[in-house]
Amino acid sequence: MGSDSHYQIPAIDFSIISTELDRGTQGWYNLCKRVREACENYGCFEIVYDKIPLELKTETFSMLRQLFNLPVETKEKNVDPKPFHGYYGRYPATPFYESFGIEDSSNYESFKSFTQLMWPNGHDHNTVVTMMKKLDELKEMIEMMILDSYGLGEKLNSIITCKTLLRVMKYDAPPSGKYANGHYGLTPHTDKLVSTILCDDQVSGLEFETKDGQWIKLSLSPTSYLFIVGDPLMAWSNGRMHRLKHRVMISGEKERYSLGAFGSPLEGTIIKAAKELVDEEHPRILKDFDYKDFSKFTFTQEGSIIDSENQEVDHDQALPVLQFSNECLVPKQERSEEWRAMSTKMREACESHGCFLLLVQEEVMPMRLREDMVMAMKDLFDLPEETKQKHTSPRAYQSYQGKCPIIPLNESFGIDNACQPDAAESFTNLIETMKSMSSKMMELNFTVLEMLLESLGVGKHYTSHVENTTAVMRFMKYKIPPISNDVRDTSVGLVPHTDKSSLTILCQNEVQGLEILTKQGQWVRVPVPERAVVVFVGDALKAWSNGRLHAVTHRVMMSKDIKEERYSFAMFGLPKEEFMIEVPDELIDDEHPLLYRPFSFAEYYNYFTANIRDDALEVYAGV
């Protein structure tokens, strides 16, 4: 297996087993020890194994390509309510990924039923069954070695009783010219099944995280397989084995295919640490748990948030990712524990990051409406310069702005009172689209605001905030960076700033570029999934919350690899000019002394536009 030159995972040759080694010999136990140490120190190892014919592997991947080339409506017939089973289509966070989960695939009749579902007129199923039988044998051998390495081979017949789940995965190549540094094919995660034996079609993309937080690229040889420790195996070993966090980053022009043989615990299985692996040096670290409950939890909103928050901060997912469900739209008297839990997650995200990614459902913000907005914006920005300059306003940031020497790639329109029926009269082709979109974005803005205030314990102030908020929508276009000396430079699309609003809801097209400044002073990229919006805390809400909510500094950087224009539109919930921002008494205590004096938002806004500086809020209103 190839990996970054300075870091190599163990490669263990299994080809000698049954020809040169018998179970119980010193050579066998030496090999068992290598397997255990690899699982403990790395959470994975390369299996060098030549007993699966290369022709069989090639034929298996050929069938996988035929499977994924079937119509979507055919693939969607593979329905199974169990987690990790059935067909999984493209999801906003992983738009280039799809997979199948097929249970008991080494069983002839079981896999035959699957192929008849996909190909009613008949199709070969022997190839995959043969392949899976050989992977089953390999998995059982490794399990035997783990048991023997801990001295448990004579006491236990198995680690955790499992069926083998075949998961086959396809990763589309990203659009040409985009994501030159790679895009998530599969986001960082640990496997929720016991263990995995993985192989691929020689297209690279697999990466794993070391214990010190580095991401390492891996590539499998044609006769190699990868063994991965999953969460249940880590729990069984009482934490002695390391569960491997890994991901798939896609780039280039080739599709990637992989298949994995996963150990799926039987119904009713209780995952518990082996009692022989609990002692004074290794006290119990996890309570016993029902595997079915655990696997369901991983697919809940809270489980997915935990996974997203465990992703690395300095790479491609800098923000918490929250799922906005129908539970967030229920009347006050019907609010559930899920609603309160989501409110807490939003508050914590705003306290720690000052923003978060929010995945919204189709009924909350239809994709077609977002696409229509972008198309209408393109028509708007394509108008002659003299036409665009007719849109003027005495208010800052609410006119047409273009050809600014500081940000030459950016031009924008600001529209005050965007939710009002007549706000878009001067934008003929935008009128109906903008009315509909601005209404949905402001409804979302107010919903998030209410959840934040409720979580802060100051929900009684919500009505006052709504009554004293005006909506400003901005359309933004970022041009492709120019070429200098045959090299396209990375350029600033929008300078670092905090929003002056209470809350901002940002939507964009597929061209990335958003970056945020962490509290540690690092700039990090924020890839925004297709169905996500970004929610930002602005200066006004930061001040009103007595600094409990963080207003994050952000910018747009147009990478030298970008070959398309970036479009985004944002709804800013701005306090009305006459509104006084005053910290409520409930948010002032010994741990949170008053940070900001009462001030008029209009006066602060005027001060900022006349004195543009990063610390404008602290200078103007700080105590």
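This is a predicted model: local features need pLDDT of at least 70, side-chain atom pairs count only at pLDDT 80 or more; totals for chains, interfaces and linings use all residues.
The account begins with an open sheet of eight strands, in which the pairing is mixed and the order is β2-β3-β11-β8-β13-β6-β5-β4. At its edges lie β2 (11-13) and β4 (86-88), each of which pairs on one side only. Direction ignored, neighbouring strands of this sheet are turned against each other by 25 degrees on average.

Within the sheet, strand β8 (residues 195-200) and strand β11 (residues 224-229) are joined by four bridges in the antiparallel sense. Ile 197, for example, has Phe 227 in β11 as its bridge partner.

Two helices may be considered next. Helix α4 (residues 108-118) packs on the sheet, where it touches β5 (97-103) and β6 (162-171). The direction of helix α4 makes about 135 degrees with that of β5. Helix α5 (residues 126-149) lies across β3 (44-48), β6, β8, β11 and β13 (256-265), and runs at about 135 degrees to β8.

Strand β7 (residues 183-190) contains Gly 185. This glycine has a relative accessible area of 0% and is therefore buried, since that term applies under 20%. Between Gly 185 and Pro 174 the separation is 11 residues in sequence and 9.1 Å in space, C-alpha to C-alpha.

Ile 406, Val 492 and Val 495 make a nonpolar surface patch of about 240 Å². Of these residues, Val 492 is located in strand β23 (residues 491-497). Val 492 is classed as partly exposed because its relative accessible area is 33%, a value between the 20% and 50% limits.

Methods:
Residues are numbered from 1 along each chain as its sequence is written. Side-chain values use heavy atoms; hydrogens and water are left out. Patches are made of residues with over 30% relative accessible area and no salt bridge: like charges are joined within 9 Å, nonpolar side chains (Val, Leu, Ile, Met, Phe, Trp, Tyr) within 5 Å. Accessible areas come from the Shrake-Rupley method with a 1.4 Å probe; for residues, only the protein chains shown count as cover. A salt bridge is a side-chain nitrogen of Lys or Arg within 4 Å of a carboxyl oxygen of Asp or Glu. Buried means under 20% relative accessible area, exposed over 50%, partly exposed in between (1.4 Å probe, protein chains only). Two strands pair if DSSP finds at least two bridges between them. Axes are lines fitted to C-alpha atoms, for helices over the stretch in contact, and angles run from 0 to 180 degrees between N-to-C directions. Contact means heavy atoms within 4.5 Å.
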